[in-house]
Amino acid sequence: MRSEYKLIFERSHEGRRAYDLPKCDAPDAMNEIPECFRAESELALPELGEVDLVRHFTNLSRRNFGVDNGFYPLGSCTMKYNPKINEELAPMFDDVHPLLEPEMAQGCLALMADMEHMLCEICGMDAFTLQPAAGAHGELTGLMHIRAYHEHRGDFERKVMIVPDAAHGTNPASAAMAGFKVKEIKSAPDGGVDLDALRAAVGPDTAGLMLTNPSTLGLFERNIKEIAKIVHEAGGLLYYDGANLNAIMGIVRPGDMGFDVMHINLHKTFSTPHGGGGPGSGPVGVKSHLIPFMPVPRIEQKDDMLVLNYDKPDSIGKIKSFYGNFGVIAKAYCYIRSLGGEGLKEASENAVLNANYVMNKLRGIYDIPHDRTCMHECVVTPTEEMMKNEIHTSDIAKALIDRGYHPPTIYFPLIVHEAMMIEPTETESRETLDEFVEAMRGIAEQVKTDAAAIHAAPVTTPVGRPDEVTAARKPIVKYEEE
Amino acid sequence: MVPNDRKYTRDHEWVMVEGSIAKMGITAHAAEALGDIVYVELPAVGDETTAGESYCVVESVKASSSVFSAVTGTVVEVNEELDGAPEMLNEDAFGNFIAAVEFTEINEAELMDAEEYEKFCEEEA
Amino acid sequence: MKSYVPNTEKERLEMLAEIGMSSMDDLFTDIPADLKLDRKLDLPDPMSESELRDLIRGFVYLNEEGGPLFRGAGAYRHYTPSVVPQLAMRSEFYTAYTPYQAEMSQGMLQSLFEYQTVICRLTGLDAANASVYDGATAAAESMLMLRDNKRKKKILYAESLNPDVITVMHTYAHCAGLELFKIPMTDKGTADIAAIEANMEGAAGYIGATPNYFGNIEPMDKIAEAVHAKGGLLVAYVNPITLGVLKRPADYGADIAIGDGQPLGLPLAFGGPYVGFMAATKKLMRNLPGRIAGETRDAEGNRVFVLTLQAREQHIRREMAASNICSNQMLCAIMASMYCCVMGPKGMREVGEQNVAKAHLLAKKLCEIEGVKLRFPETPFFNEFVIDVPCADDINKALMNYSITGGLVLPDGGMLWCATEMNSVDEFDFVCDIIQDTVDSMGGEE
């Protein structure tokens with residue numbers, strides 16, 4: 001079962017080739033470049049025939065697990081099915097250069113303008129920029145708006161960004177990058193924002209509050225109106241981390257909850273593939289008072305043409321080359337147009353239904369620290385008995401791998417000890433959920449009968465548990481010929 | 001277990017004062033809590049430290065932890081060996097200092113002796 | 001209407017019943033009633049696949065592209081071997097996420113390890129990360145690396161960097177409280193080394209490109225000397241497709257190499273997704289932002305790849321992390337790596353030579369037109385160059401009539417032209433004829 005797999009560099013044979021290039025119909029001109037600028041040697045890249053290269057990567061892909069392979073309930077990541085049609089349509093724009101004259105790129109600009117409008121409607125915001133490349137990038141961009149807003153009013157004292165302790169790690173990291181001091185507030189026992197702690201935290205130095213709603217516990221923040229009031233009365237703005245938007249489309253909108261600025265992860269909510277870690281896309285939506293600060297260029301209608309306007313004196317600038325991950329935006333656009341408003345609502349309802357269905361079935365097998373109706377994800381933990389048998393969340397995760405599942409997000413949120421965060425998404429059928437629950441039950445049973453087997457998991461994978469300590473102490477981060 | 005030739009902070013650091021130099025490290029209790037230490041982000045000679053503020057970061061595979069200075073002053077020596085062998089802190093936390101600081105200020109009242117520190121650890125647990 | 005929810009209406013009701021509810025609304029009682037949307041979302045009606053296909057085709061028709069392209073300026077049209085997109089479309093790769101569970105993600109982790117190795121070999125440096133969003137954000141992240149490593153807030157950058165890169169750097173620098181200092185370009189179109197020498201004091205380092213935005217190859221060895229003489233770090237922003245024929249960052253002593261990997265087999269796609277690569281010396285490895293794959297062993301001694309050095313990252317360090325990056329451009333990175341492996345050492349050299357050959361022939365032909373001049377005739381270039389012409393906008397309008405995209409018109413009226421292996425000599429002749437006509441007709445009007 002276990003097997004190492006050669007690196008592509010270990011498959012190289014001098015002189016083999018997989019490339020071909022058009023015939024060069026221009027005379028060699030390398031002598032136009034003085035020798036001191038020229039490479040002294042050829043690059044140390046592998047040489048393979050095409051079939052061997054294709055097999056290398058094809059077989060590598062078989063050592064990987066994606067949504068198309070099976071259930072992938074990785075909490076907070078919304079690993080829903082990625083529709084095939086979108087993969088087929090987005091590449092139709094592959095040959096469009098980003099710096100064409102606008103009259104030559106009206107199709108791309110129209111798609112983007114349309115996308116901005118639709119996102120505004122879905123989120124209840126007044127304007128969107130599609131420039132940020134990922135969720136964390138969106139957070140940074142959104143926080144830059146908050147900073148610019150305060151600075152523009154001549155208020156340079158608002159340096160503190162309040163972040164609940166349940167927040168994604170990107171929240172405090174983005175706030176620090178945007179130049180804010182981070183003030184962490186403890187969550188209330190019910191998992192929500194502790195209103196007293198928030199009241200105590202706000203003041204003339206408050207720039208804003210970052211909030212995920214539903215929270216990373218998968219719970220809707222019932223006090224959202226009061227939270228918005230506290231922050232706004234203190235002069236701060238409210239940032240919405242849209243990582244969990246999949247729970248609420250067509251049901252409630254961040255803009256209506258009182259948020260001033262937000263980001264969306266198109267690769268989560270709007271079904272674009274996660275690409276093994278990217279590319280994503282993190283559009284940022286704002287209310288009208290933040291529009292002047294949006295990144296340039298803005299797409300605007302001028303006469304009968306869409307143009308790119310760079311003349312925005314109060315803009316935060318640019319946060320990425322060109323206009324964003326257009327290819328990803330196009331796929332998300334296709335998704336929204338496929339489903340329409342009713343379809344989006346149906347997606348959210350079923351995402352929430354599936355999460356509650358799973359949580360309900362796991363009750364009694366695992367502990368549920370915050371046992372109330374959840375939104376699109378739920379957080380469970382090993383029972384005390386499991387912990388006594390030295391079975392931790394990581395062991396349960398490894399045992400799930402042997403049963404053919406990608407494990408949930410583990411050890412997050414940090415405020416729940418030994419957390420397992422399960423997000424089934426709406427695209428999973430009832431029997432998939434049932435089978436997953438049975439696998440979870442099977443693991444719970446096995447803890448009692450054969451805990452050692454769980455400690456040994458996974459056994460069905462090409463490699464066993466890696467020695468992460470050595471990897472970090474003596475890092476080997478590239479291949480070197482012996 | 002806890003050597004009584006030095007003082008301790010509530011953040012599980014130790015400090016050993018010789019003249020105007022304070023040698024600092026983390027306690028065995030801290031090293032154990034972190035698990036396998038994989039990296040020590042050392043300060044540089046010449047860095048200023050402030051009592052109660054971080055001067056070093058210690059990393060395990062899945063955690064990172066700030067190490068707080070017991071004194072205010074200037075780093076005059078760092079334990080470069082930790083750079084290649086961070087596991088030394090797991091093996092002998094009291095025998096391996098992180099940095100030596102020529103200090104201008106030390107808040108003795110905030111520090112505990114070995115007996116007090118042991119008691120503090122028990123209470124914390 | 002399209003739906004990706006498999007459960008039938010009946011099944012949904014049964015599931016609801018099982019959790020003690022009778023309708024979907026019961027799931028959302030935690031949401032204050034007055035906040036709920038009391039109407040349907042005002043979005044276009046749903047569509048079938050075939051309707052959607054027609055809709056997208058409509059957008060494609062609205063674009064007027066497809067003819068010969070002579071524009072680069074940060075995004076380049078090169079030949080993509082068909083195996084690259086085909087392999088990247090293996091859904092085990094593209095429908096996965098960050099390889100948190102190493103045992104079931106060896107495919108992605110090993111591909112990433114191979115990508116890091118490829119980037120190290122292109123740049124000659126010791127370590128690379130798993131990518132950032134694009135070249136511009138790589139430049140912005142490199143500023144933070146300089147700051148953290150040198151603990152200084154002053155950073156020099158070349159005026160000759162791509163303007164988008166400069167703008168993004170300024171956006172990030174404002175928030176980080178960094179002081180960016182611009183090194184002007186001489187009339188040769190490269191960095192003013194005397195200005196670097198005069199301003200390096202107190203600076204963490206220098207960020208400059210080669211070839212730069214105007215296509216010019218910079219004297220990086222001399223720049224490195226000037227930067228290192230004052231204890232600074234050199235960040236080289238490079239176009240990776242040049243590295244088969246041009247000196248590599250380590251050759252001239254760069255401490256950090258960054259750039260956009262788009263030329264390595266990624267489509268233009270109206271500006272993204274591309275991939276920002278970052279490589280550094282061993283000493284700076286821990287300052288690299290984002291994911292890094294590493295090699296280790298399992299209990300049986302098998303070679304295993306894992307995400308490593310994670311304690312630097314946002315999910316552990318939170319506000320203490322040097323960068324907030326989480327999702328990156330992994331699939332794009334792997335495509336770039338596949339491209340380099342298809343090309344191999346000889347292919348990378350050949351594609352570089354072809355670009356040099358084509359661009360120089362195009363430059364020569366353009367300069368045969370009266371009134372057209374190379375702006376930096378003494379400075380070597382790779383596949384882009386600036387010409388001065390009497391009437392840049394008119395030239396591009398004339399070319400547009402033939403579905404040809406000419407060089408990019410610069411704010412000062414110059415034109416930045418690009419030729420790659422995708423352009424033919426026939427195209428050059430055709431373009432030169434049109435430009436000749438345009439210049440002639442302008443002369444006539446005067």
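This is a predicted model: local features need pLDDT of at least 70, side-chain atom pairs count only at pLDDT 80 or more; totals for chains, interfaces and linings use all residues.
**Pairing inside the sheet**

Now zoom out: chain A has an open sheet of 7 strands, in the order E1-E7-E6-E5-E4-E2-E3, with mixed pairing. At the edges you'll find strand E1 (127-129) and strand E3 (181-185) of chain A, each pairing on one side only. Going from one strand to the next, the twist averages 25°.

A helix packs on this sheet too: H3 (residues 106-123) of chain A, which touches E1, E6 and E7 of chain A. The direction of H3 makes about 125° with that of E1(A).

**Where chains A and C meet**

Next, look at helix H10 (residues 326-362) of chain A and helix H2 (residues 49-62) of chain C. Their axes come within 10 Å and cross at roughly 135°, so H10(A) counts as oblique to H2(C). The crossing is right-handed.

On the H10(A) side, Cys334(A), Arg337(A) and Ser338(A) meet Leu52(C), Leu55(C) and Ile56(C) of H2(C). Sorted by class, this contact has 4 nonpolar, 1 polar and 1 charged residues.

**Where chains A and B meet**

Chain B touches chain A as well: 6 residues of chain B are in contact with 4 residues of chain A. On the chain B side, that's 4 nonpolar and 2 charged residues, with no polar ones.

Methods: Residues are numbered from 1 along each chain as its sequence is written. Chains are lettered from A and ligands numbered from 1 in the order in which they are written. Two residues are in contact if their C-beta atoms, placed from the backbone, lie within 7 Å. Ala, Val, Leu, Ile, Met, Phe, Trp, Tyr, Cys and Pro count as nonpolar, Asp, Glu, Lys and Arg as charged, and the others, Gly among them, as polar. Two strands pair if DSSP finds at least two bridges between them. Helices (H or I, at least four residues) and strands (E, at least two) are DSSP runs, numbered from the N terminus. Axes are lines fitted to C-alpha atoms, for helices over the stretch in contact, and angles run from 0 to 180 degrees between N-to-C directions. Angles under 35 degrees count as roughly parallel, over 145 as roughly antiparallel, 65 to 115 as roughly perpendicular and the rest as oblique. A crossing is left-handed if the near helix is turned anticlockwise from the far one by less than a right angle, and right-handed if clockwise.
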